[in-house]
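Student: I would like to learn how to read the features of a model such as this one. Please take me through it step by step.

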Amino acid sequence: MNKKDIMAKVQDLGALIALVLLVIVISIISPQFRTIDNFMSLVRQSSINGFIAFGMTCVILTGGIDLSVGSVLALTTAFCASFIKGGMPAGIAMLLALIIGTAFGFLSGILVTKGRLQPFIATLITMTAFRGITMIFMNGKPISGLGGSFLLKFIGKGSLFGIPFPVILFIAVFAIFMFVLEKTTFGRRIYATGSNAVSAKLAGVNIDRTKIAAYAISGCMAALSGLILLSRLSSAQPTLGEGYEMDAIASVALGGTSMSGGRGRIQGTFVGVLIIAVLNNGLNILGVSSYYQSVVKAIVILIAVLSDRKR
Amino acid sequence: MQIEMRGINKSFGGNPVLRDAGFELADGEIHALMGENGAGKSTLMKILTGVYTRDAGTVIVDGQEVVYKNPQEAEKAGIVFIHQELNVLFDLTVEENMFLGKEIHGKFGICDKKAMRKEVTRILDVLGVKIDPARKMDTLSIGQQQMIEIAKALMVDAKVIIMDEPTAALTESETEVLFKVVRSLKEKGVSIVYISHRMEEIFELCDRITILRDGQYVGTRNISETNMAEVVKMMIGREIGERYPERDVKLGDVIFEVKDLNCPGVFENVNFTVRAGEVLGVAGLMGAGRTEIMQSIFGNMPGSTGKVLIEGKEINNKTPGDAMKSGIGFITEDRKVEGLMLEESIMKNISVANLKKISHNGVLNAKSELDMVQKGIKELNIRCTGPKHACGELSGGNQQKVVFAKWIFTDPKVLILDEPTRGVDVGAKKEIYSIINDLAGRGVAIIMVSSELPEILGMSDRVMVVHEGHIGGFISKEKADQEKIMTLATGGKIDE
């Protein structure tokens, strides 16, 4: 292996190295940080952003972006909460929320492909619309008092073999995404669409269908994330998920995925999600004020993305 | 301006690209620079114009040793490089393009439009081309855009103009205009370095020729004292034999039919058939609608109507995916934009058109994928480090072979080739011709669109000529010659 290859490997692993360094440094400073309990809760917190970031990775790999995830999350949890309050069994209400989230993503996908809108604009429109509908639907007030359904409680608060259920789900979903993106024809189509849409189309790839599917997945993941939040908060809030798209996009970027599509790996996003979570959790524990936290986050993202630029 | 380059060495990341390369340019001559892809022609010229720095060697301009640090310095000295990928901004006008970065302006940076218009008009007059300076660049043909690039060179008072494959995208008549301009520049004392793969053009236009091979200087000849065979031999270091390999194929039945293909404003009443094992050459001027007809057959031309039949049955060709399923393959004209994902590996590029073949229920089988790709690399003799080699780093010829591999594995009954050897060097061209012959031998019906008449004549069993969106006529292999094709291509009639 020559020097260039080694450099390339180091840069490939750049985000991972950054994560390890961050964990070590914060662990040295703070004894509270370096406990198993804290790590578990850190990963559990990160799953909320994680699901969204996985869906976002698919969309960004096709060369798009999905700004609507936070609003999709809010509106689907609002629906889910009101279904449960209206007497629907929690399991069915949650399944419905996932289906509705998928449909919302599908709608963004239709706007991007059939409507020929720029992904940024298309999802800005759906983001604004879904947020508005959430406010109208909830009349600006939270929905709480969701009863004692075991399933609803378990998905956010439960644990298996001492591991919080959201963590298990997070790792399972990660494995599924890795499999789909690397081992299936659909994964290949996603990469091909983002790498060179013209060439992919002429090679028989239905790029519209591929893009729509990516947005639908993103919507579904936003809804899943919403269900975890709903379970943990025991109520739906009209402002839930505001700004979540930014953490998701930052995670994808940290993981080395190209914003113009075609290049990137879900493993990178996984690491990116953990970096964001370690920063949030670690800075809180260290007592850094939230004003400074944003600035520190920005600096870390900047350094990571700069070091990941094309050589 | 006289230029002498001697003993030039250049390596990229440890790979020597130029080893003891050299070149000499006299006053007012048209000097061809030839060599296979990767021979180092462009690199040598980029060193001359300060795009790259040299590792060793000397460059002497008008008796003085020089080092240009960047293209701007070379331009100031009067050496301008017109790249193959034209350097134009499509949304700006001709005038704005020409004055980009050197606008004539008064106080506070306010542009002096009158002065600029005057200068543009003067230069276009010198070139003898009529183009409205206020037109948007994207409304111009590629030939006209090239003229603007030359005009830009004249604006900075260039004494040496380097042209890299200037005719690659030009029609026959645009090429003639270009040659006229080049000759008139020569009379004004401007020297031209002419990089091209087209032997016929070089022998028509140039005074001298310098040949590079594997980054080394091979020799310089006066055009009047050499011939194509010698030049080819110098380029590849061995005899290549016939440029167009023999094909001995028994033509089968008609397996492909196009009936009443129409697309308003683009082409009309297109009808033709192709037999199994036949190579149908499609000739015509650029813009005649050849590519559009092929795109329409492949389901990539919204608004077109008509029937396409394979083995007597009408097929569904609403989208490229449908056309593929019906057994049509399409190797497009621009492999960098339409044919390949340049950043991706050979493997991913070949696989993307064959995902069904290497998967089960949507899950890829890594082994059958690798087997397929390795078979492709071996059979088509793709020179690379392995299946993971990025396509953008391959030479033009090898890139084109990847595109061929991608389509061959789809087992097409009909394969459409649009400019299959554009930007491909002589050696690789012959390999591609052999691949085409091989496919025809297996009974594939081949439709080959090409702007190179020698290629059409050398490869086709039958020639179809397209003129302004209509079929101008068909000529059989025995009767085809350049004159008949050009007559039909320009709207004339021939007796047959």
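Student: How much area do chain A and chain B bury between them, and what share of it is on carbon and sulfur atoms?

Tutor: Interface size is often expressed as the accessible area that is lost when the parts come together. This is a predicted model, and in it chain A and chain B bury about 2000 Å² between them. Carbon and sulfur atoms hold 57% of that area. In chain A, the residues that lose the most area to chain B are A:Thr185, A:Arg188 and A:Leu202, together 35% of what that side buries.

Student: How many residues does the contact take from each chain?

Tutor: Chain A gives 20 residues to the contact, and chain B gives 28 residues.

Student: Turning to chain B, why does its radius of gyration agree with that of a compact globule?

Tutor: The comparison rests on chain length: for 496 residues, a compact globule would have a radius of gyration near 23 Å, and chain B has 24 Å, so the two agree. The C-alpha trace of chain B spans about 70 × 50 × 50 Å along its principal axes.

Student: What share of the residues of chain B count as buried?

Tutor: With buried meaning under 20% relative accessible area, the share is 53% of the 496 residues. Chain B exposes about 22200 Å², of which carbon and sulfur atoms supply 48%.

Student: How many helices and strands are in chain B, and what share of its contacts with a separation of 6 or more joins residues 24 or more positions apart?

Tutor: Chain B has 17 helices and 22 strands. Residues 24 or more positions apart make up 66% of those contacts.

Technical notes: Residues numbered from 1 in each chain as written. Chains lettered and ligands numbered in written order. Predicted model: local features only at pLDDT ≥ 70, side-chain atom pairs only at ≥ 80, totals over all residues. Heavy atoms only, no water. Helix = DSSP H or I, 4+ residues; strand = E, 2+ residues; numbered from the N terminus. Rg over C-alpha atoms; globule rule 2.2 N^0.38 Å. Buried < 20%, exposed > 50% of the residue type's maximum accessible area, 1.4 Å probe, protein only. Contact = heavy atoms within 4.5 Å. Areas by Shrake-Rupley, 256 points an atom, 1.4 Å probe, with all protein chains shown as cover. Buried area = accessible area lost by both parts, 1.4 Å probe.
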